[in-house]
Amino acid sequence: MNKKVRVRFAPSPTGGLHLGGVRTVLFNYLFAKKHGGDFILRIEDTDQTRFVPGAEEYIFQTLEWCGLIPDESPKHGGPYAPYRQSERKAMYKQYAEQLVQAGYAYYAFDTPEELETMRNDFKTAENPSPQYNQFIRGKMRNSLTLGEDEVTRLISEGTPFVIRIKMPAGETVSFTDMIRGEVSFQTDQVDDKVLLKADGMPTYHLAVVVDDYLMKISHAFRGEEWLPSAPVHILLWKYLGWENEMPEWAHLPLILKPDGNGKLSKRDGDRLGFPVFAMDWTDPKTNETTIGFRERGFLPEAFVNLLAMLGWNDGTDQEIFTITELIEKFSMDRVHKGGAKFDYEKAKWYNHEWIKQSDATKLAPFVQQTLAANNIQVTDSSLLHHVIDLVKERCTLLSDFTTQSSFFFQSPIQIDIDAIKPKWDEKKNLFFTELIRAYELSTVWEAGDLEKEFKELAAANQLKPGELMLPFRIMLVGGKFGPGVFDIAALIGKAETIHRIKYTLGLVA
C-alpha cells in the first residue's frame with residue numbers, strides 16, 4: 001500500500017448499535033491495526049430530525065466495552081477535527097456550490113407538495129415509485145428548467161432550495177470492490193440525490209465524500225446496503241477532482257436472520273428472544289429498553305470473536321481467536337460475499353468457550369457484579385476465585401454464575417424437597433443424622449476426606465452411595481445441579497454444611 005491506511009466508522013446517533021454496526025467497526029479496526037494504520041470514528045449527525053439524545057455516548061461506551069478504541073474521534077480528538085459532521089456544516093456548502101458551477105449539480109426549488117404531485121402524476125404500472133431523475137428533472141422547478149435571472153431572484157428572496165447531483169445519461173460507473181471484485185452501475189437507473197438540504201446541512205452522500213477526502217481515508221468499508229449509493233459517491237469523487245485520492249471500497253455482507261431470509265433486525269431479536277444490540281439501549285422517547293449482549297451475560301472478547309466469524313474466516317478450522325490473533329490473521333480477501341446467518345446458540349457457544357478459558361482473576365469482576373445484581377455480596381476474593389474455577393465450565397452466560405455459585409455464599413433459598421421425598425426412608429434419615437455427628441468430629445475438612453467418610457458410613461449402613469448423593473446435593477445447593485458435592489462442602493465449611501443437612505432433615509421429617 002502506497003499511502004498510510006486510514007479507515008473510518010461513521011454512525012448516525014439515532015439509537016442502539018446493532019451487531020452489524022459493531023462488526024463493521026471490528027473489520028475496520030482489524031484492517032487498520034494489521035497495516036499499522038489509524039481507525040477513525042466520525043459522527044454523521046447531519047440529519048438533525050433523527051438525532052437521539054444519548055446515542056453518541058452509547059456508541060463510545062459500546063466501543064470501549066468491546067476494546068475497539070478509535071485513534072481519532074470527537075472524544076479522542078485528532079489532526080482532522082472536528083469529527084462531528086454538524087460541527088463541519090460550514091465547509092460543505094462550498095463543495096456543493098462548486099459542483100453547481102461546474103455543471104455537475106443544480107438548484108431545485110420544488111416544494112414538498114410539488115414533489116408529492118410528481119410522485120402521483122408520473123406513476124405508471126412499470127414505474128410505481130417515480131424518482132427525481134434525468135427523465136423527470138426537466139419537468140420540475142429547478143435551475144435546469146428556470147432562467148438564470150429567475151434562479152438568482154429565487155435565491156436572493158430566500159426561497160428554500162436543495163442542491164441535487166445531475167446524474168449523467170447512458171453512462172456506466174464501475175469500481176473494484178475488495179470483496180466483490182468488479183461492480184458496475186448504469187447511471188440511468190440512479191436518481192438525482194440531494195447533496196445539500198434546504199437547512200444548509202449536507203446529506204450523507206456529499207458529507208461522506210468530502211469528509212473522507214479531507215480526513216485522507218484510504219479504505220471505506222461499509223455494509224452492502226450502501227452499494228446502490230456507490231455510483232453517486234464515485235461520481236462525486238470524480239466531479240470534485242479527487243478521483244486519484246478515492247479510497248478503496250469494500251461492501252460487507254449482511255448479517256441475516258437465523259433462517260437466512262433477510263437482514264437481521266431488532267424485531268427479530270425481540271421475536272426470537274435474543275439480543276441484537278451490543279449493550280442495553282433505552283429509547284429516551286418511549287423509555288423502552290432493548291437488552292444487549294453485555295447485559296445478557298456475554299464477555300466482550302466472546303462478542304468480538306463471534307462477530308469476526310460472521311462473514312469471515314482465516315481458512316482453517318480455528319474458531320476461537322484473541323484480538324491479537326484476529327489482527328494478525330485478518331484479510332479482506334477472506335471476507336465472504338454472501339450474507340452470514342446469525343445463530344444465537346453458536347453465539348452462546350463462543351461465550352461458553354471464552355468463559356472456560358478465562359482465569360478466575362479475569363472473570364471475578366464480572367461474576368461479582370452478576371452476584372451483586374442478585375443481592376449476593378462477596379467479600380472473600382479467595383473463595384470467589386475458588387468458586388469460579390469450580391463452576392466456570394458449567395456457565396454459558398455470565399448470568400449462569402448466579403445459579404451455579406450463589407449457594408457458596410448463602411444458604412439456598414428453596415430446597416427441591418419433591419426430588420428427595422419419593423425415595424426417602426428411615427434408613428436414609430438415620431444415615432444423614434449419623435453423617436452430621438461424623439462431620440462434627442472431623443478434624444480435617446477437605447473434599448477427599450469428606451467423600452471417604454461419607455462412603456464408609458454408607459457402607460456401614462448397607463446403603464449405596466449413589467442413592468445418597470442426590471439428597472446430599474439438594475441439601476447443600478437446593479437442587480439437582482452444581483459441581484462435585486464434596487468440593488461444595490469443603491468450600492462452604494463445616495458449620496454451614498452441617499447447618500444445611502439439619503435444615504433439610506427438618507423439611508423431610
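Reader: Is histidine 499 buried, partly exposed or exposed, and how do I read such a label?

Author: Histidine 499 is partly exposed, with a relative accessible area of 40%. Buried means under 20% relative accessible area, exposed means over 50%, and partly exposed is in between, with a 1.4 Å probe and protein chains only. Histidine 499 lies in helix 20, residues 494-508, where helices (H or I, at least four residues) and strands (E, at least two) are DSSP runs numbered from the N terminus. This is a predicted model, in which local features need pLDDT of at least 70 and side-chain atom pairs count only at pLDDT 80 or more, while totals for chains, interfaces and linings use all residues. Residues are numbered from 1 along each chain as its sequence is written, and side-chain values use heavy atoms, with hydrogens and water left out.

Reader: What is glutamine 404 in contact with, beyond its neighbours within four places in sequence?

Author: Glutamine 404 is in contact with Val391, Arg394, Cys395, Phe481, Gly482 and Pro483, once those neighbours are left aside. It lies in helix 15, residues 400-405, and at 12% relative accessibility glutamine 404 counts as buried.

Reader: Which residues of helix 12 are buried, and what do they pack against?

Author: Helix 12 (residues 344-357) has 14 residues and reaches 20 Å from its first C-alpha to its last, close to the expected 20 Å; the expected span is 1.5 Å times one less than the number of residues. Its buried residues are Tyr344, Ala347, Tyr350, Asn351, His352, Glu353, Trp354 and Ile355, and the buried residues of helix 12 pack against helix 9, helix 10, helix 13 (360-373) and helix 15.

Reader: Why can helix 2 be called largely enclosed by the rest of the structure?

Author: Nine of its twelve residues are buried, so helix 2 is largely enclosed by the rest of the structure. Those residues are Ala55, Glu56, Tyr58, Ile59, Phe60, Thr62, Leu63, Trp65 and Cys66. They pack against helix 1 (19-34), strand 2 (38-41), strand 11 (281-282), helix 9 (293-296) and helix 10 (300-308). Helix 2 itself, residues 55-66, reaches 17 Å from first C-alpha to last, close to the 16 Å expected, and just after helix 2, glycine 67 takes a positive phi of about 80°.

Reader: Where do the buried residues of helix 17 fall when the helix is seen down its axis?

Author: In helix 17, residues 447-460, the buried residues are Ala447, Leu450, Phe454, Leu457 and Ala458. Seen down the axis, they fall within an arc of 105° (the arc of the directions from the helix axis to the C-beta atoms), so they line one face of helix 17. The face turned away from this buried side carries the exposed residues Lys452, Ala459 and Ala460. The buried residues of helix 17 pack against helix 16 (426-441), helix 18 (465-477) and helix 19 (485-492), and just after helix 17, glutamine 462 takes a positive phi of about 55°.

Reader: At what angle do helix 17 and helix 19 pack?

Author: The angle between helix 17 and helix 19 is about 120°, with their axes 8 Å apart. Axes are lines fitted to C-alpha atoms, for helices over the stretch in contact, and angles run from 0 to 180 degrees between N-to-C directions. Helix 17 and helix 19 are therefore oblique to each other, given that angles under 35 degrees count as roughly parallel, over 145 as roughly antiparallel, 65 to 115 as roughly perpendicular and the rest as oblique. The contact is made by Ala447, Leu450, Glu451 and Phe454 of helix 17 and by Phe486, Asp487, Ala489 and Ala490 of helix 19.

Reader: Which residues make the contact between helix 17 and helix 18?

Author: The axes of helix 17 and helix 18 come within 10 Å and cross at roughly 125°, and these helices are therefore oblique to each other. Phe454, Lys455 and Ala458 of helix 17 make the contact with Pro465, Leu468, Met469 and Phe472 of helix 18.

Definitions and conventions: Contact = heavy atoms within 4.5 Å.
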